[in-house]
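Please walk through this structure with me, element by element, with the sequence and the coordinates at hand.

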Amino acid sequence: MKIRSVVSIPKEEDFPEANEDNFLLREDKVSCALSDGASESFDSQAWSEILCQSFNFVVERKKRGSFLHEKTIEQILSHARSSFNEKYLKKTLSWSQEASFNRGSFATILGLIDHGTTVEIFSVGDSVAVWKQNDKMTMLSMHNDYNFSKKPTLLSTLYSEKESFFPNFGKDWDVIKLKKKEIKNDELFLLTDAIASRIIEISIQDTVDDAISILKKNDEELKDWINKEKNLGLLKKDDYTIVWVELND
């Protein structure tokens, strides 16, 4: 697996440090993860970063079978929550910060594992993986006809005996394992929700190739395109992250 590019544009151009999207590639390139922190929650930037770190820490390459099931997803969450809580045990919080901390932090996650001849993709929420297959833009089944205006399912720093999203497979979360040879040009793209919504529209209204050409723009080209789309009212104000992944056996 090779990362061709990562373009992340903050909702506030003058405050790039406030970008709540995070992407992380594991050092051995077996896995990577993208997470979009929820703006209304406590330090969602840190939570989304820790979710990416925990995904890459827990995952394994498997030549046969699938890795991502409830038990291992619970391990990812447990590791992330412990890391997040440990981070704030060392800090002194004001009473308002402590109240916000106790209400929890929230983020999506989109994880990818390279198993050699296959890839496995995992998603909770509205961050989307897209790829070209049989001349169509393909994605996890939960994102087909997805309503991006609704509140997404999010992973929380708060502990629960049983994660509430697990019973809703294919709606609140999804996993797919597919052969690399099924993916056109050995490339797929990881997108946070605002850019994903618009790219899916373009792939339907125009062509898949038109949509993919946008995803391959460099930073400056993408900034220009995003500004034009926002001025036309076609793209909501948000952080925008596109990761271009090239898959190699």
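Is the crossing of helix 1 and helix 2 left-handed or right-handed? The crossing is right-handed, where a crossing counts as left-handed if the near helix is turned anticlockwise from the far one by less than a right angle, and as right-handed if clockwise. This is a predicted model, in which local features need pLDDT of at least 70 and side-chain atom pairs count only at pLDDT 80 or more, while totals for chains, interfaces and linings use all residues. Residues are numbered from 1 along each chain as its sequence is written, and side-chain values use heavy atoms, with hydrogens and water left out.

Helix 1 (residues 44-58) and helix 2 (residues 70-89) have axes that come within 8 Å and cross at roughly 135°; helices (H or I, at least four residues) and strands (E, at least two) are DSSP runs, numbered from the N terminus, and axes are lines fitted to C-alpha atoms, for helices over the stretch in contact, with angles from 0 to 180 degrees between N-to-C directions. Helix 1 is therefore oblique to helix 2, given that angles under 35 degrees count as roughly parallel, over 145 as roughly antiparallel, 65 to 115 as roughly perpendicular and the rest as oblique.

Ser 41 is placed in the loop between strand 3 (31-36) and helix 1. At 11% relative accessibility Ser 41 counts as buried, a term for under 20% relative accessible area, with exposed over 50% and partly exposed in between (1.4 Å probe, protein chains only). Neighbours within four places in sequence aside, Ser 41 is in contact with Gly 104, Ser 105 and Phe 106.

Five strands form an open sheet in the order 1-12-11-7-8, with antiparallel pairing; two strands pair if DSSP finds at least two bridges between them. Strand 1 (2-9) and strand 8 (136-139) stand at the edges with a single partner strand each, so one side of each is left without a neighbour in the sheet. On average, neighbouring strands of this sheet are turned by 20° against each other, direction ignored. Strand 11 (residues 187-191) and strand 12 (residues 240-246) are joined by five bridges, and Glu 187 has Glu 246 as its bridge partner in strand 12.

Helix 6 (residues 219-231) lies across strand 1 and strand 12, at about 45° to strand 1. Helix 4 and helix 6 pack at an angle of about 80°, with their axes 13 Å apart, which means that helix 4 is roughly perpendicular to helix 6. Here Ile 195, Arg 198 and Ile 202 in helix 4 meet Trp 225, Ile 226 and Glu 229 in helix 6.

In the loop between helix 6 and strand 12 lies Asp 239, which is buried, with a relative accessible area of 1%. Residues up to four places away in sequence not counted, Asp 239 touches several residues, including Ile 9, Pro 10, Asn 19 and Thr 192.

Methods:
Contact = heavy atoms within 4.5 Å.
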